[in-house]
Amino acid sequence: MWKSRLFTPGPTSVPEEILLEMAKPLIHHRTPQFRKILVECFSGLKEVFQTKEEVIILTSSGTAAMEAAVSNLLSPGERCLVVEGGKFGERWREISVAYGIKVTSIMVDWGKSVTPTQIEEALRKEPEIKVVFTTLCETSTGAHTDVRSISEVIKRFPEVLHVVDGISSLGAVECRTDEWGIDVMVSASQKAFMLPPGLAFISLNQRAWHRVAERKSPRYYLDLAAYRKSLEKEDTPYTPALTLIIGLAGALRMMKAEGMENIWRRHAILAEATREAVRALGLKLLAETPSNAVTAVWAPEGVDAELLTKVLRDGSGITFAGGQGKLKGKIFRIAHLGWIDQFEILEAIAALEVQLAKMGYQVVPGVGVGAAEKVFLRQK
Ligand code: PMP
């Protein structure tokens, strides 16, 4: 018998008290009772997004918020810039192409992060670019993007908007939407927000809202203007996923109690411990600039990463994520994201040691766990 534990970059574990909250009998959504919860969510989301702008809640997974960004900010025939350094950067291109938008891609080796200079060069070369899409954590590679410095560069081009996919790491790593000049921020419920999948979030600043009215891409359910209009009346245009929104209110309360800076620090420590542990086991990281949300690790010579994640799941109850796209079978990914603490990291590393050893990889028992513990002991 094994207890199931999720170390995947979505979905992540949901705290028991939130599960209980969501199990209560349903209420109706056009009631003062639900409106109070909704208002609490709108305010809590601003804190996590680090914005004074409204944060729209969509009933969908994160990709719909990405699609909303594309269809509300660009018209067919206009040009955008995307960074293809993994599966989710590619998704910005795929969505844009589906809407008839011209795409310029910066191709980045998987595991590397785009530099502000690359963005600046692309913008200088093609002045018709209207929007730059970046990914805060490229979940498929575990690479972190310096969206702050990229925003600084983009500000030199007054007609260009910066849209960030923060789906897998907003609320886990430091990201200050307003202060850093990010125009549009996108996220989703099943990662740092500690909730099941089913809600997506998007915030736009005033520069971005000005664009929305003029843009001609077809849209109905994802017409953000409708959400904004309802939001002014503390409402939603369509039936919201009220069970998840009730859960969201609980999750945001927990995040407020911990404080954003403490949350960012917790994730930084968990990530460092994970990185130190896998290095101590003689394994190599994929990302040059790793995110504090997820650590992508090359499987050692002779070990199939797909098989490793399978035996970890079936033989230890520990679910890591495998590789995506061209990295399938080559890497595994350990997420240290959301509702997770130091001792769970030790469990994950212990299970990794055991299963690697069973697969014939030379492991000194406890060496990875010890390295992680040393990181924890260094903290005051
Ligand atoms: N972007 C990133 C960075 C992600 O990690 C994910 C989900 N893994 C997505 C987009 C897609 O989100 P969803 O699966 O919620 O539609």
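1. Met-194 sits in the loop that runs between strand E9 (184–188) and strand E10 (199–204). Its phi is near 65°, a positive value in a residue other than glycine. Met-194 counts as buried, at 4% relative accessibility; buried denotes under 20% relative accessible area, exposed over 50%, and partly exposed the range in between, with a 1.4 Å probe and protein chains only. Helices (H or I, at least four residues) and strands (E, at least two) are DSSP runs, numbered from the N terminus.

2. On the basis of the model: it is predicted, so that local features need pLDDT of at least 70 and side-chain atom pairs count only at pLDDT 80 or more, whereas totals for chains, interfaces and linings use all residues. Residues are numbered from 1 along each chain as its sequence is written, and side-chain values use heavy atoms, with hydrogens and water left out.

3. On the overall fold: the protein contains 13 helices and 14 strands. Its radius of gyration is 21 Å, close to the 21 Å given by the globule rule for 380 residues, so the protein is as compact as a globular protein of that length. The radius is taken over C-alpha atoms, and the rule is 2.2 Å times the number of residues to the power 0.38. Along the principal axes, the C-alpha atoms fill a box of roughly 60 × 55 × 35 Å.

4. Of the contacts with a separation of 6 or more, 73% are between residues 24 or more positions apart; a contact means heavy atoms within 4.5 Å.

5. On helix H7 (residues 206–214): Ala-208, Trp-209, Arg-211 and Val-212 are buried. These residues cover an arc of only 155° around the axis, which puts them on the same side of H7. The arc is that of the directions from the helix axis to the C-beta atoms. His-210 and Ala-213, on the other side of H7, are exposed. An α-helix has 3.6 residues a turn, so residues three or four places apart point the same way.

6. On the cis peptide: the bond joining Gly-10 and Pro-11 is cis, with omega about -5°. Pro-11 belongs to the loop between strand E1 (5–6) and helix H1 (16–22).

7. On Gln-50: this residue has a positive phi of about 55° although it is not a glycine. It lies in the loop between helix H2 (32–49) and strand E2 (55–59), and counts as buried at 19% relative accessibility. Neighbours within four places in sequence aside, Gln-50 is in contact with Cys-175, Arg-176, Thr-177, Asp-178, Met-260 and Trp-264. Gln-50 and Trp-180 are 130 residues apart in sequence, with their C-alpha atoms 9.7 Å apart in space.

8. On Asp-178, one of the residues that Gln-50 contacts: it is placed in the loop between strand E8 (161–165) and E9. Asp-178 is partly exposed, with a relative accessible area of 31%. Apart from neighbours within four places in sequence, its contacts are Gln-50, Thr-51, Lys-52 and Glu-53. The C-alpha atoms of Asp-178 and Thr-51 are separated by 5.2 Å, although the two residues are 127 apart along the chain.

9. On Arg-30: this residue is found in the loop between H1 and H2 and is partly exposed, its relative accessible area being 37%. Not counting residues up to four places away in sequence, Arg-30 touches Asp-235, Thr-236, Pro-237, Tyr-238 and Thr-239. From Arg-30 to Glu-301, 271 residues away in sequence, the C-alpha to C-alpha separation is 58 Å.

10. On Gly-77: its place is in the loop between helix H3 (62–73) and strand E3 (79–84). Gly-77 is partly exposed, at a relative accessible area of 39%. With residues up to four places away in sequence not counted, Gly-77 touches Gly-100, Ile-101 and Lys-102. Its C-alpha atom and that of Thr-239, 162 residues apart along the chain, are separated by 33 Å.
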